[in-house]
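Have a look at the chain first, and then we'll go through it piece by piece.

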Amino acid sequence: PETVDLEDAVRLVKNPREGRCYRPMGREATEEEDLGTGGEPPGAADRAGKKVFPAPVIRKYNKCNLEKLSWISPEKKEANRDRRELNRNVRERVAEGLASKTWDKHKTVWRAVHEFSVFLGKELVWPMDAETIVEFASWCDKKRHLQASSIKTYIQGLSKIQQMRGGPGISIGKIPMLKEFISGVERVPRGKVRRQKKAMTYPLLKILGHLVGREESKTTFEKLRFWTVCLWGFWGSFRMGELICERKKTFDPEMNLLWRDATFVEGGGIKVVVKSPKVRNPGGDLVMLFKFPDKTMCPVTLFQEYEEEARRKGLWNERMPVFRNADGSNWAKFEFQKELDWYMSLAEILKEGEKVVSHSFRAGIPSALAALGTPEAEGAAQEWGRWRSGAYKAYTRHHVSAKREIFRKMISFMFQ
């Protein structure tokens, strides 16, 4: 605490005072530690004053090299040395061309294939025949209780693995009964019924904002941070991974949103450069945020307030992530989701089987516009949500004015 000098702090670390634990570097207390001292988890004032500075990761585009992915090596070794080198180069480039998360999914599929092989009691023969592929899909349904969409993902991963091993790709539509099987899983699920993800709506967003505003257990900084992310996610149709980091201690300057990537433009808007969107465009995507009449729901006004608060806390640095904790560590996606779940539990308005997740914000405006059913509204939803093929429009002189016009149309559609 600020009121404790160095000598007292050393003493308190060794002998925590009753009811509170003083821990250096902002370390959170475990449940056992809190019970042992007879108090509650430490508050913000009970943590050390030093800030944590997350470290930028060094990008290695050959992270998914063949040594780490030995399981995709071809079954048959090429006798010709030159052709062997060419084939190796192809696989290395493919490994470099896909995102690390994509490879993580493929690894998950490979582990499932191994479990499937153990279940059958025999080694699989590559390339897989159609009957074995259908049996694998049936195993995913029967033993793993996967949804239809997950089974499709597993088959796609299996196809990639088979191609990397020198075999042909797998087309769901060309394998007898596989497409119909997946349709059956989709229509009559037998596993545990999952809660439906609800798209964020403007009325629901207002209720959420009201809860955030009256919450007394959060600091001003924490409330501004959470509410800014909510408004940006909704009005900008962002994926949460484009706004906040995955990890608390490290970040990727080539992918994560830094302060220098969000700049104010003439006319009262904010230009946000999304450097590595899911759909890759040259230089990333450009997202525009504009002022909204209701200041409590305005993404520009709230960001201005959040920036001022971040500067007061010494958290503004153009080369660091925008959304961080008070101790300097990154505010991770799981922390945002945890806070969102808490607020939604306070709201008590969701029906049984419904849930609001981080992706609900991205689906908000496009869902509202698409529900109108007019070609003009659907066109605005496609453009605003960045689901388009004409990516060049994002880098023309007229892009800002075009986005501003789309924003006006959206407001008129949603509140007519």
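A residue counts as buried when its relative accessible area is under 20%. By that cut-off Trp-232 is buried, because its relative accessible area is 0%. Keep in mind that this is a predicted model.

**The whole chain**

Let's zoom out for a moment. The protein chain has 15 helices and 7 strands. Of its 416 residues, 42% are buried. Among contacts with a separation of 6 or more, 64% are between residues 24 or more positions apart.

In what order do the strands of the 3-stranded open sheet come? The order is β4-β5-β6, and the pairing is antiparallel. β4 (262-265) and β6 (285-289) are the edge strands, each with a single partner, so one side of each has no neighbour in the sheet. From one strand to the next, the twist averages 25 degrees.

Now for the pairings themselves. β4 and β5 run antiparallel and are joined by 4 bridges; Thr-263 has Lys-271 in β5 as its bridge partner. The hairpin of β4 and β5 has 3 residues between the strands, and Gly-267 there takes a positive phi near 105 degrees. Val-273 has Leu-286 in β6 as its bridge partner.

Helix α10 (residues 299-312) lies across β4, β5 and β6, and runs at about 120 degrees to β4.

**Aromatic rings**

There are 22 aromatic pairs in the whole structure. Two of them involve Trp-232, and they look like this:

| Pair | Centre to centre | Angle between planes | Type |
|---|---|---|---|
| Trp-232 and Phe-303 | 4.8 Å | 40 degrees | tilted |
| Trp-232 and Phe-323 | 6.1 Å | 90 degrees | edge-to-face |

Where do the partners sit along the chain? Trp-232 is in helix α9 (residues 220-235) and Phe-303 is in helix α10, so to speak a link between distant parts of the chain, 71 residues apart. Phe-323 is in the loop between α10 and α11 (333-347), and the pair with Trp-232 in helix α9 joins parts of the chain 91 residues apart.Trp-232 and Phe-303 are both buried. Is Phe-323 buried or exposed? Phe-323 counts as buried, because its relative accessibility is 1%.

These rings belong to a cluster linked by ring pairs: Phe-221, Trp-232, Phe-238, Trp-259, Phe-264, Phe-303, Tyr-306, Trp-316 and Phe-323.

**Charges over rings**

The charged end of Lys-218 sits over the ring of Trp-342, 5.2 Å from its centre. Arg-225 lies over the face of Trp-331, at 4.3 Å from the ring centre.

**Helix α5**

Finally, a look at helix α5 (residues 130-142). At 1.5 Å a residue, its 13 residues should span 18 Å, and the end C-alpha atoms are 18 Å apart, which agrees. Buried residues in α5 include Thr-132, Ile-133, Phe-136, Trp-139 and Cys-140.

Note on methods:
Residues numbered from 1 in each chain as written. Predicted model: local features only at pLDDT ≥ 70, side-chain atom pairs only at ≥ 80, totals over all residues. Heavy atoms only, no water. Pairing = 2+ DSSP bridges. Helix = DSSP H or I, 4+ residues; strand = E, 2+ residues; numbered from the N terminus. Axes fitted to C-alpha atoms, helices over the stretch in contact; angles between N-to-C directions. Contact = heavy atoms within 4.5 Å. Phe/Tyr/Trp six-rings, centres within 6.5 Å; stacked < 30°, edge-to-face > 60°. Buried < 20%, exposed > 50% of the residue type's maximum accessible area, 1.4 Å probe, protein only. Lys NZ or Arg CZ within 6 Å of the ring centre and 35° of its normal. Expected span 1.5 Å × (residues − 1).
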